[in-house]
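Please read the sequence alongside the structure while working through this briefing.

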Amino acid sequence: MRDLRERLGKEWLVCDGGTGTILQSKGLKGGELPETWNLTRPEDIIDLHCGYLRAGCDIFNTNTFGANALKLPGNLKEVVTAAVELAKEARRRAGREDAYIALDIGPTGKLLEPLGDLSFDRAVELFGEVVRYGSEAGADLVLIETMSDSYEAKAAVLAAKENCGLPVCITVTFDEKGKLLTGGSVDSTVALLEGLRVDALGVNCGLGPEQMIPIVERLTQVCSIPVIVNPNAGLPRTEGGRTVYNVGPEEFSDWMEKIAAMGVHVVGGCCGTTPDHIRLTAERVKELPFREPVRKRRTVVSSFSQCVEIGPLPVIIGERINPTGKKKFKQALRDNDIEYILREGLRQEDSGAHILDVNVGLPEIDEPSMMASVVQKLQSVLDLPLQIDTTDAQALERGMRIYNGKPMVNSVNGKRESIETVFPLVRKYGGVLVALVLDEDGIPSDAEGRVRIARRIYEAADRYGVPREDIVIDGLAMTISSDTTSALTTLETLRRVRDELHGHTILGVSNISFGLPRRALINSHFLTMALQSGLSAAIMNPGNEEMMESYRAYCALAGLDPQCMRFIEAYGGTPEPVRVSAAGTAGGNSGTGNAGGSGAKNAGSTGAMGLFESVERGMAESAAAAAREALKSKEPLVLIDQELIPALDKVGKGFEKGTVFLPQLLMSAEAAKAAFDVVKETLQGQSQEVKGRIILATVKGDIHDIGKNIVKVMLENYGFEVLDLGKDVSPETIAETAVREDIRLVGLSALMTTTVVSMEETIRLLHEVKPDVKTVVGGAVMTQEYADAIHADCYAKDAMATVHFAEEVFKEG
Amino acid sequence: MELSPDRKEIIRYLGYHGVSPDEEVLREIELCVEQLQKAVTPRYVYEKFPLSRSRGQNSEEQLCFAGITVASRNLSANLQGCSAVYLMAVTLGPGPDLLIRRAGIEKVSRAVILQAAAAAMTETWCDQVNERIRLEAERNGLYTRPRYSPGYGDLPLTMQTDISRILNMPKEIGVSLTDSLLMTPSKSVTALIGVSQIAGDCRRSGCAECSASSTCIYRAES
């Protein structure tokens, strides 16, 4: 038998058609697992395969679509092995020893974290088990199909690659809008799967051939590897309790002929298609001229939902998730305060970044674990692709593995060790790789030396099977304060990489001004010059308004902003910013490259409302401004005692009386927090009083955390420090943390009656390991009776009640 | 298709008892609705099954449909006089959960309002799918009963597993169950809708039917 990899993309290949429809006609009942027929009705399965083999398919699926340890916990190996054996037997009987047995793998039926509760690693394990059994039994390839979540698709592909050496093909299911159920697009899915080096990819199920045409069109435009198209026989309807499809074999093959001619390489069918559909399709498609896949040479990265192309439009990579030179960020890493990092990410997305750099390197923390955890959390709240930035190989792999998409990778350099460490990871997981033009001899002082290293890195990419378009060369921006020709060298490097090597480039732009005053001034001009010299990606602070201005103006001037729409969207209707001509008096925002969120937007927005009123009305910006104003004439502590606390108390009392409602209470709390933050800046150095430290957690099995988050905001406002353990937290984790941190009060939340059991278990364990700890419980189903029954010390009906209980507990001393 | 949630419902979910929120909050509500409308991907699936009754060991009434057997006094009452039952599942997709997670980090007050608005939107979407079912039943000369969900009254939440399997929810609408039987994405609903040849008391739905109605703070006023 010829290796399938030699034939894929070289000649027409045909897949088989529907399984469920045929088994139903043989008597499969609704709700019965079709895979069990491998053991109970083997002849029917052989018959099913023979039908397709005689119809002329080249690749046919084992009856293992739903086979995994979740659905078949007792006899998975037996079922999978039997499935492959039946396929072999069918091949013999049909006289089709040339046909390939595809180990069929479908979704688990569970959503992966953070959407659901199946962890990524567990998903890889579940798929891996099936792959091992199937390949041991003699399958010729792995065909992963009907995936509607990019993350699960990634888990399945990794499992296939890590557990066998067979070709791996995958088809996913899009809706009529071209989206996966979890939001991925054709572009983002192709980026991910090509990065994982599958042998062919495509679409199946969900739609009929006609509805698939726009999706196939986009697929063939972006895909560089063989494309598979396996549609349903049209759209389903129920007839007498049975699902039937509306496109017959003749019409189906008409459509498939059209689809094949669009630049597809493998055709077949899914639900509702029969051997007749496949026979006609095979006959007609194999008459058509075959076009081999064409490499598209696009430089793309992706998140679960978005695909970002680097070039021709240059992109902005947000640099703020990085502890270098940031005291608060370092502290957040030490405290495992991931929310701080997430806020930094969300702010950059709002400011217009296209990709976010993620660097969490700090000597005293476990960087690989921190990287995995930050990447997971970031991708649960952000649409933007991430750039994994680390010098620790283990952290790099952990980040790349857990990432839901095709990441940017920062970085490799010309050193042998670096090449040997980083390229295999990019080959395995996919990614666009930032390549620094330095090597064992340091950084070449001229462009010639830098281009030489760039060439060497491209050659390494060829050796490792990483496409050249997945390399972006970092021309290395170094400060002009120590060498005034350094910018020129960098710019020449950019030009030569673009013109001679036809490659993309990247720079950490703000390095150029290190050690100089008015850094934003230098940075923004350098950015324009670099873009003009071919820069494809700028690593910078998107909150820096001057640099964003340069970027937007450049795009408008360079014909990269059709009708100047993006420029107008950013600046249309905003007044000319007022520039102060005397250097150094324009406020904090012109001095450094790191001033976040300043600029035109905030200018002149201060209202005249006082602090008390701002807090009472829940207006955060106005509260911060009022606090800043008031601090000019009042002592910080006086301000807190005379205005902030009374305003909070008034709103809190109103809430308890039922005249103020939850949204207002929270908006006031947020306004107070904004004011507190301003006051804290002036209090810097002086220790602030913490009334007590409290653990908050949503208990195991429960994924609703909004109530817990409300309580957290209120407690923090009243001066308590909260250790937020998140949601779905095991009793053990809560108990361990309480002991380790010597916590006196634990707040637990549960929304569902079903999870109150976990709450009870948590309290029991807490009493066992730390008898002096107090517990307060709350949540939608909670009542005083429930709370008493599970031995909680307090039932809090709302956030204010928790605050009162906390004050009581810590007053007792 | 635009899902426009009932603003009164959002305000009720936020805990306002017959009081109108101030302007700031009303503005936030509109902003949240707008964000949600961009983020939702509403999907649904439903199927009709014949309904029969049998007696269990203790001669309690059991309902049989779609290959499953349930004993629930509340559901039996709801399906009285019905010859068939629709199982339905709807979702707003993963978008609202993402927005709520984001707001939980940036601004909890917004998370609370998004939560309420998304819940109201889920109800609106349920009503729209319910209406399709009502019209379909009407074409066949049948009348629908108020929809009823697992977890209401004595109808066990474990029925979610059956409904998920029967309607193939993970594949059809992208909804799966956690080990603790919660639906993800969270803005999803499953329900049963009985159909009968007799026009009946199909208006009695909502709070009056709920076993928690005496203690619930979200109870509708009228």
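In this predicted model, helix α5(A) passes α6(A) in a right-handed crossing. The two helices, α5 with residues 76–94 of chain A and α6 with residues 120–137 of chain A, pack at an angle of about 40°, and their axes lie 9 Å apart.

**The contact of α5(A) with α6(A)**

- On the side of α5(A), the contact is made by L76(A), K77(A), V80(A), T81(A), V84(A) and E85(A), while α6(A) contributes E129(A), V130(A), Y133(A), G134(A) and A137(A).
- Sorted by class, the residues of this contact between α5(A) and α6(A) are 6 nonpolar, 2 polar and 3 charged.

**Chain A as a whole**

- Chain A contains 30 helices and 25 strands, and its radius of gyration of 30 Å is close to the 28 Å that the globule rule gives for 813 residues, so chain A is as compact as a globular protein of that length.
- The C-alpha trace of chain A spans about 95 × 75 × 50 Å along its principal axes.
- The domain assignment divides chain A into domain 1 (4–285), domain 2 (475–573), domain 3 (611–683) and domain 4 (693–811).
- Taken over C-alpha atoms, the centres of domain 1 of chain A and domain 4 of chain A are separated by 47 Å.

**Where chain A touches chain B**

- The contact between the chains takes 42 residues from chain A and 41 residues from chain B.
- On the side of chain A that touches chain B, at least two residues each are supplied by α13 (338–351), α14 (367–381), α25 (662–683), α26 (706–717) and α28 (753–769) of chain A, and α25(A) gives the most, with 6 residues.
- By class, that side of chain A has 17 nonpolar, 17 polar and 8 charged residues.

**The helix pair across the two chains**

- Helix α25(A) packs with helix α5 (residues 108–139) of chain B at an angle of about 160°, with their axes 8 Å apart, which makes α25(A) roughly antiparallel to α5(B).
- In a left-handed crossing, α25(A) passes α5(B), and the contact is made by L662(A), P663(A), L666(A), M667(A) and E670(A) of α25(A) together with V108(B), S109(B), V112(B) and I113(B) of α5(B).
- The contact of α25(A) with α5(B) has, by class, 7 nonpolar, 1 polar and 1 charged residues.

Technical notes. Residues are numbered from 1 along each chain as its sequence is written. Chains are lettered from A and ligands numbered from 1 in the order in which they are written. This is a predicted model: local features need pLDDT of at least 70, side-chain atom pairs count only at pLDDT 80 or more; totals for chains, interfaces and linings use all residues. Two residues are in contact if their C-beta atoms, placed from the backbone, lie within 7 Å. Helices (H or I, at least four residues) and strands (E, at least two) are DSSP runs, numbered from the N terminus. Ala, Val, Leu, Ile, Met, Phe, Trp, Tyr, Cys and Pro count as nonpolar, Asp, Glu, Lys and Arg as charged, and the others, Gly among them, as polar. Domain bounds come from an automatic or database domain assignment. Axes are lines fitted to C-alpha atoms, for helices over the stretch in contact, and angles run from 0 to 180 degrees between N-to-C directions. A crossing is left-handed if the near helix is turned anticlockwise from the far one by less than a right angle, and right-handed if clockwise. The radius of gyration is taken over C-alpha atoms; the globule rule is 2.2 Å times the number of residues to the power 0.38. Angles under 35 degrees count as roughly parallel, over 145 as roughly antiparallel, 65 to 115 as roughly perpendicular and the rest as oblique.
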